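Good morning, colleagues. Please look at the sequence and the structure on the screen, and then let us go through a few of the features together.

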Amino acid sequence: MKYKRLSKEQFEELHKEFINFLATQSIDKSEWDKIKSDKPEVAEQELDVFSDLIWEGVLTNTHYLEHFSKNHIFLFHCQEKQIQSIVLKALEPEVNFMEKEGLQWLSDNMFTDTVEIHLGKKEYEVERNVAIFNLIKEGAILSDGQLYLQINGIIQS
C-alpha cells in the first residue's frame, strides 16, 4: 500500500465510487459479498487499492497545504517539481495561532519584530504526492491557498 487505507467513514462517503471501482473489475454486490466471506485477504487488497486510487487523485490535485501550531504557521505551495513554504513564527510565547485571537494578533503584528517570516523552497526528495502525503501525516491540512497567496502578496510587495 502506497498511502493508507481510508477510514470507515471515508468509505461510507465514497460508497458509490467504490461500487463503480468494483464494477470496473466485473464485481457486483453478490460477488463482493462472496469475496468478503470466502477470501477476506482479497477483499482487504481491494480496499487498499481503492484507497490508494482515491489518495492519488486527491494528492495530484493538491496545490496548497497549511499546518498550524501554537507559535508557528506553515504554508505550503505544492508545485510540480518543488514545494515553496512560508513559515510564520510568533516570538511572543503567549500567542496561540490555534485560536482566533492568535490570528488577529498576527494580523496586527505581521511586520513587527515579534513575528519572524521565513521563505523557503526545495525540490521534492521523494515523489511529489508521497511528499505531500507525508506533510499531511505530520498534521498539514488541504487548503484553498488564500492565506498563502495573501501573505505571499504582502511579502512580495
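Helices (H or I, at least four residues) and strands (E, at least two) are DSSP runs, numbered from the N terminus. This is a predicted model, in which local features need pLDDT of at least 70, side-chain atom pairs count only at pLDDT 80 or more, and totals for chains, interfaces and linings use all residues. Residues are numbered from 1 along each chain as its sequence is written, and side-chain values use heavy atoms, with hydrogens and water left out.

I begin with Thr-62, which sits in the loop between helix 4 and strand 1 (64–68). Is Thr-62 buried or exposed? Thr-62 counts as buried because its relative accessibility is 5%, where buried means under 20% relative accessible area, exposed over 50% and partly exposed in between (1.4 Å probe, protein chains only). Apart from neighbours within four places in sequence, Thr-62 is in contact (heavy atoms within 4.5 Å) with Cys-78, Arg-128, Ile-132 and Leu-142.

Next, the pockets. On a 1 Å grid over the protein atoms alone, a pocket is an open set of points where a 1.4 Å probe fits, with protein on both sides within 12 Å along at least five of seven lines; lining residues have an atom within 4 Å of a point. A volume is the space filled by probe spheres set on the points, which are joined across faces, edges and corners.

The second largest pocket has a volume of about 280 Å³. Of its 15 lining residues, the closest to the centre are Ile-83, Lys-122, Tyr-124, Ala-131 and Leu-135. Strand 3 (82–90), strand 4 (115–123) and helix 6 (128–137) each give two or more residues to this lining, and strand 4 gives the most, with 4 residues.
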